[in-house]
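Reader: I would like a close look at a single part of this model. Please keep it brisk.

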Amino acid sequence: MDYFAQQAINAVQLGSIYALIALGYSMVYGVLVMINFAHGDVFMVSSFFCFLLLLVLPVPFVVALIIVMLATAILGVAIERLAYRPLRNAPRVSAIITALGCGLVIQNTTLSLSPYSQRMPELFKPVTRQFAGVTLSSLQILIIGVSVGLMIALDFFIRKTRYGMAMRAIAQDRISVPLMGVPVNQIIAMTFAIGAALGGAAGVLYASAYPVISATMGVLVGWKAFVAAVIGGIGNVRGAVLGAYVLGAVEVFTVTVLPSTYRDLVVYSLLLVILIFKPYGLLGRPAVQKV
Amino acid sequence: MTRWFKQPPPRGVLLALLVAGLAACFAIEQFGLVDNYVRFVLITLGINIILCVSLNLVNGWMGEFSVGHAGFMALGAYLSACVSVKWLGWGNPLWMFPLAVVAGGLLAGAVGFLLGLLSFKTRGDYLAIITLAFLMIVKSGIENIPYVGGPRGFLGIGNHTTLLWTAVWTVLTLWAIRNLVYSRFGRGIVAVREDEIAANAMGVDTRKAKLAAFVVSSFFGGVAGALFAHQLQFINPSVFDIVKSTEILVMVYLGGIGSLGGSILGAAAFTILAQVLQPLGTWRMVILPLILVLLMLFRPRGIMGMREFPWFVPRREFPAKEDKK
Amino acid sequence: MSALLEVRDVTMRFGGLVAVSDLTLAVTPGHAHGIIGPNGAGKTTAFNIITGIYTPTAGEVLFRGGSITGHRPSAIARGGIARTFQNIRLFRDLTVLDNVRIAHDTRARYSWAGAMVQLPSARRAETESIEQCTDLLEKFGLGDAVYERAGDLPYGSQRRLEIARAMALQPSLLLLDEPAAGMNSAETLKLVEFLGWLRDHFSVTMLLIEHHMQLVMTFCDRITVLDFGKTIAEGTADEVRNDPKVIEAYLGQENDHE
């Protein structure tokens with residue numbers, strides 16, 4: 001029972017990090033109906049940003065978090081401006097391929113510059129306590145707390161501010177919204193910035209929890225978050241969070257019963273099974289086509 | 001499919017070229033006319049052509065976006081290796097090898113059939129995601145099968161992929177797919193891409209069309225994988241990942257979607273590029289996707305998108321040469 | 001004479017929206033049957049139900065006495081019902097000839113294996129299809145445009161092509177969704193001639209959705225009037241023209257004559 005509770009906490013921790021990344025995928029899909037395949041690699045790069053930052057200037061955790069989030073947001077907006085915006089009215093396939101290409105460029109540039117994994121300098125001295133038979137580390141609390149806090153802030157932003165409303169409007173109808181005076185380019189840039197920033201936060205948190213970072217993290221971790229977003233229903237912000245925690249739980253508990261080499265197999269099989277029975281994800285809804 | 005209306009080839013020329021080409025390949029093998037490196041590159045070219053034209057069936061002619069082609073390669077590679085090493089290793093390669101290749105293709109085709117079933121209800125982005133999941137499942141599935149070496153890979157595969165065999169399979173693939181494309185099934189596939197609802201309303205069995213596209217595409221993907229395995233003589237799951245799929249995507253979108261000539265062009269360009277960029281190591285995989293991105297920005301359909309060399313088009317498709325009334 | 005097509009008490013619900021309610025319709029073989037009604041009355045929805053794109057929430061559709069309710073669109077097309085679309089749905093990137101051949105392909109019998117190895121029966125079927133489709137296009141006055149890209153044709157030719165394509169199915173029943181859309185009076189008159197020629201030359205029964213009153217009143221043998229998803233009148237042109245319910249719902253308003 002204690003073991004179960006311990007694993008549950010791990011699942012929540014992993015799920016929280018996935019959620020931050022998954023939100024980036026979902027927000028961009030919601031607004032532009034495109035899969036930002038580069039997002040996983042943006043997350044990976046943010047952990048390298050953190051690594052480089054700490055190498056040069058050892059700053060406390062919160063400062064590092066803010067700086068990395070900012071830097072990642074800038075990267076996200078740059079990619080949108082350079083690679084995606086020119087293709088906004090192109091066939092969807094072009095956009096997906098470009099995103100895939102961007103992701104690979106980022107991944108392999110990082111891989112070429114850093115062929116070996118790096119060890120993160122310690123950001124945070126965790127304190128562990130025993131609570132009702134489970135060992136809790138303040139790092140875990142921090143990760144979960146920061147993640148949930150950011151998610152709540154995002155939810156508030158989307159539901160209660162004008163910009164959030166604009167995002168939701170564009171997600172529904174990209175043609176007529178600009179005609180109402182909404183600066184679509186800015187809102188889209190903002191969406192990418194926020195999504196990337198959340199990914200940046202995830203990068204810092206992930207690196208704190210699992211201090212060995214490598215260029216393949218984008219595929220290994222980032223794409224799992226993508227799976228989470230799809231499971232929840234891509235384009236759906238609540239779905240992203242739901243999918244993330246489901247995925248975190250599946251991953252953590254799979255490894256308790258099966259050898260770790262089965263982890264990816266189970267995760268992607270789960271994705272396939274869900275897509276077969278719920279083709280638009282758990283919370284997703286199909287676009288209606290007029291005949 | 002718009003096409004360049006030059007003339008159809010004079011009768012018999014294509015056949016003559018074919019025979020000459022195959023004879024040349026046989027001679028090269030028999031008499032060692034080229035060095036090993038060139039031979040290796042030529043075989044790679046053939047395999048790439050097969051990969052490219054088979055993926056083009058789904059991504060080009062049918063207009064979907066599959067990133068899972070490396071998965072079909074993997075299935076073909078591993079099954080053919082099992083056949084040629086573990087099960088029929090005693091057999092004479094003359095009949096055993098083609099059997100192994102066909103077996104690999106059949107397995108890939110069978111799985112492609114399942115993927116095709118899934119494509120009935122799902123299209124576009126979601127189908128792309130399903131193909132991604134399929135790729136990951138195949139890769140991590142193989143990693144968990146100790147019988148074929150798991151993550152460490154499958155060693156000791158025989159060097160059965162000769163230049164002649166490659167040429168034979170390449171020609172077979174191009175011929176079969178060309179025949180499919182210029183038949184009612186090919187037209188059905190293209191109709192699905194253009195407007196699935198109208199296609200249905202015009203009596204096209206869109207389900208059969210999708211199955212045809214996926215099965216044929218994956219069968220030849222498996223064939224390519226089998227040839228690949230018996231060229232490198234060593235395969236492991238990490239070879240058949242998203243990087244491999246991306247390479248095939250580059251070939252398709254560089255050469256041109258929905259075009260046989262384009263597929264050959266793309267495969268050739270890519271093969272040469274890969275060799276030229278070899279010394280760059282991992283930077284290779286920065287330049288290749290960059291090319292892909294630039295292609296999408298400036299020429300999304302590829303060099304020969306939706307156009308065809310007249311020599312690949314069946315004679316009957318050309319306008320009759322009578323004087324206009 | 002028993003009806004070629006019968007729609008019995010068909011209701012179509014999309015969530016909370018009732019698009020069509022208790023629709024009943026019978027088309028006599030050889031007739032031209034018109035469906036009219038204000039925009040949003042459910043006319044195209046009715047077409048979509050008949051051709052199998054939607055499965056009705058209630059009711060049934062009978063063709064030649066047999067039920068086709070909920071059958072797949074491609075099966076219904078092969079069974080003898082062809083249609084055109086309100087917003088032309090041609091295969092724009094394909095040639096004019098290929099557009100027609102795709103419909104004509106429903107008649108071909110060769111297998112995919114036969115196609116891939118180029119069996120003589122497959123090759124013969126292909127040359128026949130090219131011949132027959134070219135002939136058909138010439139009958140429709142599109143013989144010179146056979147190898148043009150369908151999307152490049154002028155609007156009127158595109159409409160004609162869509163009908164030619166539908167006729168390549170050799171249907172017993174042809175559904176036309178607003179064939180006169182975007183045409184002026186002169187063009188509409190030509191269209192009436194054309195439709196008459198279609199009916200006589202191909203012996204096909206027609207079901208038309210139209211807004212052009214001129215066309216409907218002169219050409220159609222019977223007319224069904226829909227409003228808000230329900231049938232409000234049915235009969236000959238004269239009967240419908242003088243029906244007070246129709247006048248109130250539709251003809252009485254200052255309406256589109258374009």
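How many residues of chain B are in contact with chain C, and how many of chain C with chain B? Please set that side of chain B against the rest of the chain.

Author: This is a predicted model. In it, 27 residues of chain B are in contact with 32 residues of chain C. Four elements of chain B each give two or more residues to that side: helix 6 (163-181), helix 7 (184-194), helix 8 (196-201) and helix 9 (206-232). Helix 7 gives the most, with seven residues. By type, the residues on this side of chain B divide into 14 nonpolar, seven polar and six charged.

Now the chain behind that side. Chain B has twelve helices and zero strands. Its radius of gyration is 20 Å, close to the 20 Å from the globule rule for 325 residues, so chain B is as compact as a globular protein of that length. Along the principal axes, its C-alpha atoms fill a box of roughly 65 × 50 × 40 Å. Buried residues account for 56% of the 325. Take the contacts in chain B between residues at least 6 apart in sequence: 83% of them join residues at least 24 apart.

Helix 6 also turns up inside chain B. Along with helix 2 (36-61) and helix 10 (242-255), helix 6 is among what covers the buried residues of helix 11. Those buried residues include B:L260, B:I264, B:L265 and B:F270. Helix 11 covers residues 260-277, which is 18 residues. At 1.5 Å a residue, helix 11 should span 26 Å, and its end C-alpha atoms are 25 Å apart, which agrees.

Methods. Residues numbered from 1 in each chain as written. Chains lettered and ligands numbered in written order. Predicted model: local features only at pLDDT ≥ 70, side-chain atom pairs only at ≥ 80, totals over all residues. Contact = placed C-beta atoms within 7 Å. Nonpolar A, V, L, I, M, F, W, Y, C, P; charged D, E, K, R; others polar. Expected span 1.5 Å × (residues − 1). Buried ≥ 20, exposed ≤ 12 C-beta atoms within 10 Å, placed from the backbone. Rg over C-alpha atoms; globule rule 2.2 N^0.38 Å.
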